[in-house]
Amino acid sequence: MSHDLKIAIVDYGVGNLYSLIRAFNFFGVEAVITEDAKILEKADGIILPGVGSFEAGMRGLEIRGLTETIRNLAKDDKPVLGICLGAQIMLTEGHEFGIFKGLDIIKGKVVHFPILVDNEKVPHIGWNTISPRKGDSWSDTILDPFDKNDQVYFVHSYILEPESKENILALTTYGNHTFCSAVKKGNIYGCQFHPEKSGTVGLKLIENFINLIKNIS
Amino acid sequence: MKNIRIIPRLDIKGPNVVKPVQTEALRVIGNPKKLAHHYYEAGADELIYLDIVASLYGRNLDFDLLKSVTENIFIPITVGGGIRSIHDINNVLRSGADKIAINTYVVKHPNFISEAVREFGSQCIVLYIEAKKQLDGSYEAYTDGGREKSGLEVIDWIKKAIDLGVGEILLTSVDKDGTRDGYDIELLKKITSFSPIPVIAHGGAGKPESLKKAVMEAKVDALGVSSIFHYNEYSIKDSKDYLQKNNINVRII
């Protein structure tokens with residue numbers, strides 16, 4: 001590695017970004033919160049965080065003129081990790097209070113949970129397991145070496161629906177409904193759960209993402 | 001069935017974690033930073049951190065103390081105490097909180113709930129209720145750490161707060177708090193019977209059986225626990241093992 005890694009956390013007006021900084025600091029890696037396109041372009045890895053609505057998220061990016069910047073970084077296959085809303089807006093469109101265009105980095109849409117059995121409540125708040133698609137493996141992904149008993153923290157009402165199965169990295173079941181809890185396309189990752197809030201399991205994912213960047217840089 | 005969350009609660013006064021009994025007699029438990037980290041490592045699913053005198057004294061909670069507590073804790077933390085503005089919420093989030101618990105201020109300014117929800121999303125805003133049973137059998141919401149009557153009936157107040165967009169309910173039974181006598185099942189049942197959002201029970205956690213009862217009978221989504229963990233009567237692991245043996249899903253680390 002020729003220089004210290006720089007992680008840029010995109011600040012587009014949504015969410016608590018401080019625990020993310022601390023998660024990277026935990027591994028001795030510097031992370032900056034920024035809305036400056038130049039800093040994003042120079043960074044080794046990008047975190048697209050966020051909680052809130054799809055529309056507000058996209059509007060936040062557009063107001064700051066970052067929509068094209070992030071699309072271009074993704075085209076160059078720069079490592080990007082979208083978290084929660086940050087993962088959702090990477091898809092083509094969001095169906096939340098209307099239909100809104102997303103970044104379209106990964107083809108697919110974001111929809112509300114269907115009606116669930118056992119009267120499970122939406123939002124889905126709490127810890128749940130993740131698993132690969134049948135026949136798939138997580139080797140060489142940032143979920144390696146996750147175990148089927150490992151749990152991560154979710155808080156969301158809307159779910160990722162990628163068009164191509166190729167982009168489904170992980171599945172989770174809640175209220176008898178199985179949904180896509182993580183997506184992947186090259187070095188672009190998105191997870192519906194919060195790795196920065198998922199204890200040692202989540203930290204492992206952050207560490208894996210750091211290692212992915214190190215291997216490229 | 002989903003996982004039931006076990007959430008240790010830290011009541012903060014000055015630099016200490018304290019434990020009120022029915023919100024009055026306070027005992028000092030220890031150092032918030034140490035205790036929070038201990039619970040994080042012991043398998044807590046989330047933490048609740050409440051400055052119990054901030055509202056009463058009309059001041060903010062200690063952001064520097066909160067920062068030192070949330071450092072190196074990678075589970076969700078709900079924080080409350082003296083929050084009166086969007087600016088306060090920003091400060092609390094910047095100090096490492098994920099969710100905000102509000103009680104005193106919104107009792108007088110309920111529309112602040114929708115203002116906060118618009119800004120931060122429902123998932124960030126937790127309605128904190130201190131419920132006391134009245135002579136006629138109804139429950140009234142109290143403020144300022146169980147000292148002041150609000151004039152609001154608990155069920156009506158929760159319904160209104162849900163309409164205003166609150167994302168979760170933290171319900172403390174003032175009558176049960178610190179007694180280790182079991183949660184107020186009757187009150188919790190009334191709430192979970194209609195609430196479309198998660199309910200965190202608090203006040204009265206005692207033997208592991210009492211935790212089970214709150215889940216099985218009152219159908220709560222999460223269990224707030226303080227005394228029995230603070231005094232090392234049961235550990236988080238003891239509680240989770242017991243619940244798991246009784247076919248209640250929990251996260252085991």
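The entries cover conventions, interface, salt bridges, spaces and backbone, in that order.

**Conventions.** I am working from a predicted model, in which local features need pLDDT of at least 70 and side-chain atom pairs count only at pLDDT 80 or more, while totals for chains, interfaces and linings use all residues. Residues are numbered from 1 along each chain as its sequence is written, chains are lettered from A and ligands numbered from 1 in the order in which they are written, and side-chain values use heavy atoms, with hydrogens and water left out.

**Interface.** I looked up the contact (heavy atoms within 4.5 Å) and found 24 residues from chain A and 34 residues from chain B. The buried area between chain A and chain B is about 2,300 Å², taken as the accessible area (1.4 Å probe) lost on putting the two parts together, summed over both. Carbon and sulfur atoms give 54% of that area. On the chain A side, A:Arg22, A:Lys121 and A:Trp127 supply 31% of what chain A buries against chain B, more than any other three residues.

I then counted 14 residue pairs in polar contact across the interface of chain A and chain B, both residues at pLDDT 80 or more. A polar contact is a pair of N or O atoms within 3.5 Å; within protein, one must be able to donate a hydrogen and the other to accept it, and residues adjacent in sequence count only if both atoms are side-chain atoms. Elements that each supply at least two residues of the chain A side are α1 (18-26), β8 (124-129), β9 (151-156) and α6 (199-216) of chain A; helices (H or I, at least four residues) and strands (E, at least two) are DSSP runs, numbered from the N terminus. The largest share, five residues, comes from α1(A).

**Salt bridges.** I used the rule of a side-chain nitrogen of Lys or Arg within 4 Å of a carboxyl oxygen of Asp or Glu. The count comes to 25 salt bridges over all chains, and the interface of chain A and chain B has three. A:Lys197 pairs with B:Asp98, the closest N and O atoms being 2.8 Å apart. B:Asp221 and B:Lys2 also form a salt bridge, at 3.0 Å from N to O. That pair links distant parts of the chain, 219 residues apart: B:Asp221 is in the loop between α8 and β12 (222-225) of chain B, and B:Lys2 is in the segment before β1 (5-13) of chain B.

**Spaces.** On a 1 Å grid over the protein atoms alone, a cavity is a set of points where a 1.4 Å probe fits but cannot get out, and a pocket is an open set with protein on both sides within 12 Å along at least five of seven lines; lining residues have an atom within 4 Å of a point. Grid points are joined across faces, edges and corners, and a volume is the space filled by probe spheres set on the points.

The second largest pocket holds about 360 Å³. Its lining has 18 residues, with A:Asp118, B:Lys2, B:Lys219, B:Val220 and B:Asp221 nearest the centre.

Of its 22 lining residues, B:Asp51, B:Ser55, B:Gly81, B:Thr104 and B:Tyr128 lie nearest the centre.

**Backbone.** The peptide bond from A:Val122 to A:Pro123 is cis, with omega near 5°. A:Asp144 and A:Pro145 are also joined by a cis peptide bond, with omega about 5°. A:Cys84, not a glycine, has a positive phi of about 55°.
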